[in-house]
Amino acid sequence: YTVTVSCTFNDGTTSHDSAPPVTVTPQDPLPPLAVTAVGGEKRATLTWEHIEGEGSSVTHFDIEMNPSQAAAQQPQLVVGDPDSRSAVIEDIIVSGLSSSFRFRVIAVSSAGRAESPWTEQIFVTDATVPDDLVVSGTNPHVLDGSSNNGQHAYNSVRVESGARLALINTANILEETKWHSGAIVLRVTTSVVVESGGELRFRGATIFCDTFLVKSNGHVSGFAQGYPPGDETSQFWPVQGSQGTYVPEHRAGGGGAHGGIASPPAYPGQGSGLVTYGSLKYPILFGTAGGRGPSAQQIGTPGGGAIRIVASISVTVEPNATIETNGGAEYMKDTPAYHATERGESGRGAGGSVLIQTPLLVVEGDIAANGGEGVPAYRSSMGGSGFPGGGGRVALHCGQIQGWNNISTRGGFLQGNIEGEYW
């Protein structure tokens, strides 16, 4: 549009119009800033900031979400007050116990639209109020992937002394489809506590909570819960060349690899995994298995499992307590039924993955993703002894860490330590 300017004096006379006319082109508004979104029970609360630019004034704000639950080409919510800096989206449809969404705010004027960036992903939960879970007694309490798409929610979780909470799919191992830490998701509103003598066992699990505490002599374990041995499971392995194979000249199985290779320096490449895989900063994958021994019955030991712990306040591991995803070793005590009890000549599994995200991590016990240990030298010579597994991966995204010396990703015991990686 165009504008002409004239002047009216005190005596009532008027000047001539300005010439030539001034042409004004409306400008798009500035985009909203500092958009945040907080998930709740079937709702999301958004806040933002906005500064008026030199263009046309904002008439309203549109709010969009991804994935969208609005009709095609329509915003999820229209905020009609241009002075508003917050909004609540109600009645969000949730799949299972929770669903993830991202949001953005769009400033709209007569001239055009200006979009904010998408927010970080947030979770919107079902309106069901979760219960407290207390695990006691000698019979394991199992949370598996057959219900709620593998998602479970509680207000708090406590594993008492002598009890076990198992986050392990009950399906046959060959039917598994999620070979990573997202296989089972446990969302806890407040705290997770593993008491002295209690155990939280997992294969692949992610745990969200406020505080995560493993008391003295308590254990959080994915020992030998990773990739299984055998050619029939090779389609599940992350990369070819990471798993161990049989070494005829030594009558022993090679170790599996993950964050570190599995071959001892004195015997490079003989049946052991030589290809590493996975992410240094965000490890979520299992450790691979070792190779079989001289007979078909001496199948290799599995690698370690994978766990991700996201605690909004803190993670604490007290003295003599553990969070570990070590690979399978010689004595396979208390592992799934398809593992043999002792495999002196079978290759050992690689360490798995530990990923912890929290403002404060206190480690007085141990956090480990070690490779499975080979048969100690005093038990036998190199021939007839299983090769050790390679080290796994540990990543710690923490504002403060107390206890760096208690974190390990070492290779198996026999004939050298092949380190994995931690970050």
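Predicted model: local features only at pLDDT ≥ 70, side-chain atom pairs only at ≥ 80, totals over all residues.

Me: Where in the protein chain is confidence lowest, and where is it highest?

Reply: The lowest is strand β29 (residues 421-422), at a mean of 48, and the highest is strand β17 (residues 191-194), at 97. For the protein chain, the mean pLDDT is 79, and 74% of residues reach 70 or more.

Me: How many helices and strands does the protein chain have?

Reply: It has 0 helices and 29 strands. Both are DSSP runs, numbered from the N terminus: helices are H or I with at least four residues, strands are E with at least two.

Me: Why is Glu 195 called buried?

Reply: Its relative accessible area is 19%. Buried means under 20%, exposed over 50%, and partly exposed in between, with a 1.4 Å probe and protein chains only, so Glu 195 is buried. Across the protein chain, buried residues make up 48% of the 423 residues.

Me: What makes Glu 195 and Lys 215 a salt bridge?

Reply: The closest N and O atoms are 3.2 Å apart. A salt bridge needs a side-chain nitrogen of Lys or Arg within 4 Å of a carboxyl oxygen of Asp or Glu, so Glu 195 and Lys 215 qualify. Glu 195 lies in the loop between β17 and β18 and Lys 215 in the loop between β19 (204-214) and β20 (219-221), so the pair ties together parts 20 residues apart in sequence. Lys 215 is partly exposed, at 28% relative accessibility.

Me: How do you know that Arg 158 also forms a salt bridge with Glu 195?

Reply: The closest N and O atoms of Arg 158 and Glu 195 are 3.9 Å apart, so the pair is within the 4 Å limit. Arg 158 sits in strand β14 (residues 156-159), 37 residues from Glu 195. At 32% relative accessible area, Arg 158 is partly exposed.

Me: Which residues are linked in a network of salt bridges?

Reply: Asp 62, Glu 64, Arg 104, Arg 113 and Glu 115. Within it, Glu 64 and Arg 113 have their closest N and O atoms 3.8 Å apart. The whole structure has 11 salt bridges.

Me: Why is Asp 91 called exposed?

Reply: Asp 91 has 67% relative accessibility, so it passes the 50% cut-off and counts as exposed. Asp 91 also has a positive phi of about 55° although it is not a glycine. Most residues other than glycine have a negative phi, and most peptide bonds are trans.

Me: Which peptide bond is cis?

Reply: The one from Asn 66 to Pro 67, with omega near 0°. Pro 67 is in the loop between β5 (58-66) and β6 (77-79).

Conventions:
Residues numbered from 1 in each chain as written. Heavy atoms only, no water. pLDDT = per-residue confidence, 0-100.
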